[in-house]
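Thanks for coming. I will go through one chain today, element by element, and keep it short. Please look at the model while I talk.

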Amino acid sequence: MKPSALELRDVHKSFGKTAIIRGVSLRVEEGERLALIGPNGAGKSTLFDLVCGRARPDAGAILLHGDPVAGKRPFEINRRGLSRSFQVSNIFHRLSVQENLRCALLWPLGYRYSFWQRLDGLRDVRARADAVLEKIGLQARRDTPAGLLSYAEQRALEIGITIAGGADVILLDEPTAGMSRAESDATVELIRTVTVGKTLLVVEHDMGVAFGLADRIAVLVGGEIIACDAPAAVRANATVQEAYLGRHAAREPA
Ligand SMILES: Nc1ncnc2c1ncn2[C@@H]1O[C@H](COP(=O)(O)OP(=O)(O)OP(=O)(O)O)[C@@H](O)[C@H]1O
């Protein structure tokens, strides 16, 4: 049987004496889009940190394409095909949009020991950066310092940086946070486009986005997955209604 793109088996994490992740098991299949939802403090970002190697689980296993990655360093996990975006923007504000993308591409394209080289001279990096620019719709802004982009454009650039290296498992942490409805709808379309053929795990507070984008929804409450199912089944789940959705009425996707 083909392994899942990403699998968590009975993962635990405590900070001091406080158990934050309490026995999470979860599978994300290849090409699937799974949204992780749950109240503030449920442990969603902590779970992302464990998956991408920023934190080490106390117990349990994390498998990427069937290979154990728990406790490996972020760059090792990235090299195996997993890339993650952050809630707080990760871009270099003084560099242009294209330079930001080129920086994100140096490592995946094998230039890690060549920082002395002029970025302009690396033709393969430039070509890949241009391709990503087109995908995220920022061609017209390629020479603009990233700090001068609108908030929504910065988030699009962030998504571009996340996918630039060609990872096939993408983790997005609240990609539409702080956006207007129109910006958020455009971002959902962007995410759909750039993740075609990839596996997506997304943390999202906007229920309209989560239910409209994902094939399945996992609900994390108090460090435990209380439901993981198709959007309609999760919306109808009485336990989820009581623990979470009752307070976050789901906007029907368009
Ligand atoms: N490094 C840390 N040290 C101690 N406690 C932490 C650490 N990181 C997170 N926590 C605690 O773990 C709990 C879960 O935090 P986490 O950020 O994972 O939740 P979340 O579901 O992502 O919340 P939000 O939706 O508000 O982003 C919180 O109580 C937080 O204070």
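How do α4 and α5 stand to each other: oblique or roughly parallel? Before the answer, two remarks on what you see. Residues are numbered from 1 along each chain as its sequence is written. The model is predicted, so local features need pLDDT of at least 70 and side-chain atom pairs count only at pLDDT 80 or more, while totals for chains, interfaces and linings use all residues.

Helices (H or I, at least four residues) and strands (E, at least two) are DSSP runs, numbered from the N terminus. Two packed helices are described by the angle between their axes and the distance between the axes. Axes are lines fitted to C-alpha atoms, for helices over the stretch in contact, and angles run from 0 to 180 degrees between N-to-C directions.

Now the answer. Helix α4, residues 123-135, packs with helix α5, residues 151-164, at an angle of about 135 degrees, and the axes are 10 Å apart. α4 and α5 are therefore oblique to each other. On the cut-offs: under 35 degrees counts as roughly parallel, over 145 as roughly antiparallel, 65 to 115 as roughly perpendicular, and the rest as oblique. α4 passes α5 in a right-handed crossing. A crossing is right-handed if the near helix is turned clockwise from the far one by less than a right angle, and left-handed if anticlockwise.

From α4, the contact is made by Arg 128, Val 132 and Lys 135; from α5, by Gly 160, Ile 163 and Ala 164. Contact here means that the C-beta atoms of two residues, placed from the backbone, lie within 7 Å. By class, the contact of α4 with α5 has three nonpolar, one polar and two charged residues. Ala, Val, Leu, Ile, Met, Phe, Trp, Tyr, Cys and Pro count as nonpolar, Asp, Glu, Lys and Arg as charged, and the others, Gly among them, as polar.

Next, helix α3, residues 97-106. The axes of α3 and α5 come within 8 Å and cross at roughly 25 degrees. α3 and α5 are therefore roughly parallel to each other, and their crossing is right-handed. On the α3 side are Val 97, Asn 100, Leu 101, Ala 104 and Leu 105, which meet Leu 157, Gly 160, Ile 161 and Ala 164 in α5. That contact divides into seven nonpolar, two polar and no charged residues.

α3 also packs with α4: the axes come within 9 Å and cross at roughly 120 degrees. α3 and α4 are therefore oblique to each other, again with a right-handed crossing. Among the residues that meet are Leu 101 and Arg 102 in α3 and Arg 128 and Val 132 in α4. The classes for α3 with α4 are eight nonpolar, one polar and three charged.

On to the sheets. Four strands form an open sheet in the order β2-β1-β4-β5, with antiparallel pairing. Two strands pair if DSSP finds at least two bridges between them. β2 and β5 (67-68) stand at the edges with a single partner strand each, so one side of each has no neighbour in the sheet. Helix α1, residues 44-52, packs on this sheet, touching β1, β2 and β4 (59-64), and its direction makes about 65 degrees with that of β2.

Strand β1, residues 6-15, is joined to strand β2, residues 18-28, by eight bridges. Lys 13 stands opposite Ile 21 in β2, and Ser 14 has Ala 19 as its bridge partner. β1 and β2 form a hairpin with two residues between them, and Gly 16 in the turn has a positive phi of about 60 degrees.

The other sheet is open too, with six strands in the order β6-β7-β8-β3-β9-β10 and mixed pairing. Its edge strands are β6 (82-84) and β10 (224-229). β7 and strand β8, residues 199-203, run parallel and are joined by five bridges; Leu 172 stands opposite Val 202 in β8. α5 lies across β6 and β7, at about 155 degrees to β7.

Last, the domains. The assignment, which is automatic or from a database, gives domain 1 (1-81 + 167-182 + 191-253) and domain 2 (91-166). Their C-alpha centres lie 26 Å apart. The contact takes nine residues from domain 1 and 10 residues from domain 2. On the domain 1 side, the largest share, three residues, comes from α6.
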